Amino acid sequence: MKRQNAYQLTPSIMPVVFAVALLWVIQSAGVLFHLDLSLLGVIPHDVVRLYGIVTSPLVHGSYEHLFNNTLPLIVLGSMVRYGYPSSKGKVLLWAWLTSGVGIWLFGRESVHLGASGVSHGLFFFLFTVSLLRKDKRSVALMMIAFFMYGGMVMSIFPRDPGISYEAHFFGALGGVIAAALYWKRDPKPAIKRYKWESHADEDDPVIGDLWQQSPHPDQPDTHSRHNVAQQHEHGHNAHPHSHRHDRHYH
């Protein structure tokens, strides 16, 4: 039975699209039925609102807030699912929970909600894991992610009082931790070798290693000169009587 290839693009994108569509359903339900979605957010140091660690990425303050998170979640989530099919779930879990726990422990006194912490975790996972693995697939995914969302490197620091940089920072921390733990979990892509590469180290079938024995054209052929000298010497010693005969004629 033929094994199914884990690295497939469409199966990687569709679950992420459905998950983000669910966020739009939740936001629309809150608007249509006048629900206070902020009740699902996390409030730092409030034991009663500990559940917000799990529920806060599911709700957003407005459609604009959700819209700003939609494309990064789809793109980065699809990259993680495509490039790291064996560790994708753990990466999401680390980004999700680390962001929420960090907010609850160290966040400013406010209601924190939104999925931007998750998207930052996915981005920093792709960035860090590419530095550890250094294979073509991970580097290519990192370059695409950095080209599109490289600004996330700066958004982990406080800039706008209305933006939860704590969610960004701790989500990014969760992505880095996941990369350090699971960077070996997914196999690296096989390196393709061509036929001419396999014969690169073999000797030429006709010449072989004769090129190592032949003298350089600019160097004197000492071997040939030595043979000529030997032949000349043997030539004088091979006919001793002929020399005497010459002397007799003189």
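## Pockets and the model

On a 1 Å grid over the protein atoms alone, a pocket is an open set of points with protein on both sides within 12 Å along at least five of seven lines, and its lining residues have an atom within 4 Å of a point. With that in hand, welcome to this predicted model, where local features need pLDDT of at least 70, side-chain atom pairs count only at pLDDT 80 or more, and totals for chains, interfaces and linings use all residues. Residues are numbered from 1 along each chain as its sequence is written, and side-chain values use heavy atoms, leaving out hydrogens and water.

## The largest pocket

The largest pocket has a volume of about 490 Å³, where a volume is the space filled by probe spheres set on grid points joined across faces, edges and corners. Its lining has 24 residues, and those nearest its centre are His-65, Gly-162, Ile-163, Ser-164 and His-168.

Helices here are DSSP runs (H or I, at least four residues), numbered from the N terminus. H3, H5 (116-133) and H7 (165-182) each supply at least two residues of this lining, and H3 gives the most, with five. By class, the lining has seven nonpolar, 14 polar and three charged residues. In this scheme Ala, Val, Leu, Ile, Met, Phe, Trp, Tyr, Cys and Pro count as nonpolar, Asp, Glu, Lys and Arg as charged, and the others, Gly among them, as polar.

## The second largest pocket

The second largest pocket holds about 400 Å³ of space. Of the 19 residues lining this pocket, Val-16, Ala-19, Leu-92, Trp-96 and Val-118 lie nearest its centre. Two or more residues come from each of H1 (9-32), H3, H4 and H5, and H1 gives the most, with six. This lining divides into 15 nonpolar, two polar and two charged residues.

## A cavity inside

A cavity is a set of grid points where a 1.4 Å probe fits but cannot get out. The count comes to one cavity of 30 Å³ or more, and the largest cavity has about 50 Å³ of space. Among the residues that line it are Ser-56, Ser-99, His-112, Leu-113 and Ala-167. Helix H4 (residues 88-106) provides the largest share of the lining, three residues. By class there are four nonpolar, six polar and no charged residues.

Leu-113, one of those lining residues, lies in the loop between H4 and H5. Leu-113 and Leu-40 are 73 residues apart in sequence, yet 7.7 Å apart in space, C-alpha to C-alpha. Not counting residues up to four places away in sequence, Leu-113 touches Leu-37, Ser-38, Gly-41, Ser-56, Val-59, His-60, Gly-61 and His-65; contact means heavy atoms within 4.5 Å.

## Two helices side by side

The axes of H3 (residues 63-83) and H6 (residues 136-149) come within 11 Å and cross at roughly 175 degrees. Therefore H3 is roughly antiparallel to H6, a label for angles over 145 degrees. Axes are lines fitted to C-alpha atoms, for helices over the stretch in contact, and angles run from 0 to 180 degrees between N-to-C directions.

In this contact, residues of H3 including Leu-71, Val-75 and Met-79 meet residues of H6 including Leu-141, Ile-144 and Met-148. The contact residues divide into 11 nonpolar, one polar and one charged.

## Salt bridges

Side chains of opposite charge can pair when their charged atoms come close. A salt bridge is a side-chain nitrogen of Lys or Arg within 4 Å of a carboxyl oxygen of Asp or Glu, and the count comes to two.

Conventions:
Angles under 35 degrees count as roughly parallel, over 145 as roughly antiparallel, 65 to 115 as roughly perpendicular and the rest as oblique.
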